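Open the model in your viewer and keep the selection tool ready.

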Amino acid sequence: MEFRTVIRPESGMSGLVRHGEPIVLVGSCFSDNIGACLRDGLFDADVNPFGPIYNPLSIQRAFEVLTNQTVVKSESLIENGGMWHSFLFHSRYSAVDREDAVERMNRRIETAAGNLRNASVVIVTLGTTRVFTLRDTGDVVANCHKLPGSVFDVRYLTLDEVEDALNSTLEAIRSVNQAARIIFTVSPLRYNEQGAHGNQLSKSTLLLAVDRVISNDSSGQTSYFPAYEVMMDDLRDYRFYADDMKHPSMQAVRYIYKLFKDTYFDNDTLALATEGEAFTRRLAHRSLSGANISREKEMTEKMAIAEAFISRFPKLKYASMRYLNSLFNDGI
C-alpha cells in the first residue's frame, strides 16, 4: 500500500523532448522554472520571450505576435515610474530610454519567432482565468506595470472563452509550424488574491478547457503534463512551497521536473542531459581559483572547461556557449 498519491509518467511520450531542437515555453512563471531546468541540461530552450504571462488571452496574443512577427512601435509603449513599458511584455524588457525598450522587445520577438518556426515542442503553461482590461479600450493586458487600479477592470474568463483562446493559440502555432508537438500544463502557483475557492474555480476552468481542446484535436499532437496535479495531490504539504506559500519550492520544481524527464526523455537524452547538468553546475561556480579572481581570468578558465566539454559533446556546442555567455552578459 502506498500512503501517497504517486503520479507516474504517461506512456508513449518518451523521446518527445530532445537536444539540438528548439523548445519554446510560454506562460506563467512555472515556465521559467521548467525552462531553467531545461537550459541547465543544455536543451535549446527559448523561455518566456515576453516574460511570464498568466492568462489565456495574453498567451494567445503572444503567439499571434510571434507568428506575424508584429513590430513593437514606440508609440504603443506607456511610461510609468521613469520607465517605458509594453502591456504585453514583462518589466525585464522595460527601459529608461523609450527606443531602447522598443529595440529590446523587437529583438526578442525576432529571435523567438525563428525558434517557434523550428520548434519540435511548444510548452504552454496556463496560470489563471483572471484578466485585467484597460478601461479606455477594453484590451486585456499581460502586465499592469504597477499602474493605478483605476486604469483597469478585472474579470474572469469563462470556460468557452478559455477554450476559444487555446484553439486560437494552436492555430497560430500551426500557421508557422505544423510539426510541433504542443504540451499544455497548468501552473501549480496559488493565486491567493482570488481566495481559496476562487483559485480552485480558476484552475478548474483552465483544466476543463485544456481537456476539451486536447479531446477535440484530431492531430494527436497535443497533450497535457500534470504539474498542477503533482503539486496538489502528490506534494500536498506546505514544506514544498516557497516562503510566500504560493510558489513551488525549488525542491518541488526539481521533483516535478523529474516526472517531466521520465515522461519525455529517452535514455540517450537523459544521459546527455545529466552530462549537461554537471557541466552547467561547474560553470555556475562564481570562482574556480579563489574569491579574488579577475573577471577576465574567470572567463578564460570557464572557456577552457566549455571547450573541453564541447570536444566530448559537439552536439551541445550552441547550448554550451549560450549558457557560458549568459554568465557574463547581463543584457536581454
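Start with Tyr93. This is a predicted model, and in it Tyr93 has 3% relative accessibility, so the residue counts as buried, the cut-off being under 20%. Show both side chains. Phe89 and Tyr93 form an edge-to-face aromatic pair, with 5.3 Å from centre to centre and 70° between the planes.

Next, select Tyr257 and Phe265. How are their planes set? They stand at 80°, with the ring centres of Tyr257 and Phe265 6.4 Å apart, so this pair is edge-to-face. Tyr257 is buried, at 4% relative accessible area. Phe265 is buried as well, at 5%.

Across the model, the count of aromatic pairs is 13.

Switch to the cartoon view for the sheet. Five strands make an open sheet, in the order E2-E1-E5-E9-E10, and their pairing is parallel. Select the edges: strand E2 (45-47) and strand E10 (222-225). Each has a single partner strand, so one side of each lacks a neighbour in the sheet. On average, neighbouring strands here are turned by 20° against each other, direction ignored.

Zoom in on E5 (residues 121-126) and E9 (residues 181-186). Six bridges join these two strands in the parallel sense. Thr125 stands opposite Thr185 in E9.

Last stop: helix H3, residues 98-118. Helix H3 packs on the sheet and touches E1 (23-27), E2 and E5. The direction of H3 makes about 135° with that of E2.

Technical notes: Residues are numbered from 1 along each chain as its sequence is written. Side-chain values use heavy atoms; hydrogens and water are left out. Rings of Phe, Tyr and Trp (its six-membered ring) pair if their centres lie within 6.5 Å; planes under 30 degrees apart count as stacked, over 60 as edge-to-face and the rest as tilted. Buried means under 20% relative accessible area, exposed over 50%, partly exposed in between (1.4 Å probe, protein chains only). Two strands pair if DSSP finds at least two bridges between them. Helices (H or I, at least four residues) and strands (E, at least two) are DSSP runs, numbered from the N terminus. Axes are lines fitted to C-alpha atoms, for helices over the stretch in contact, and angles run from 0 to 180 degrees between N-to-C directions. Contact means heavy atoms within 4.5 Å.
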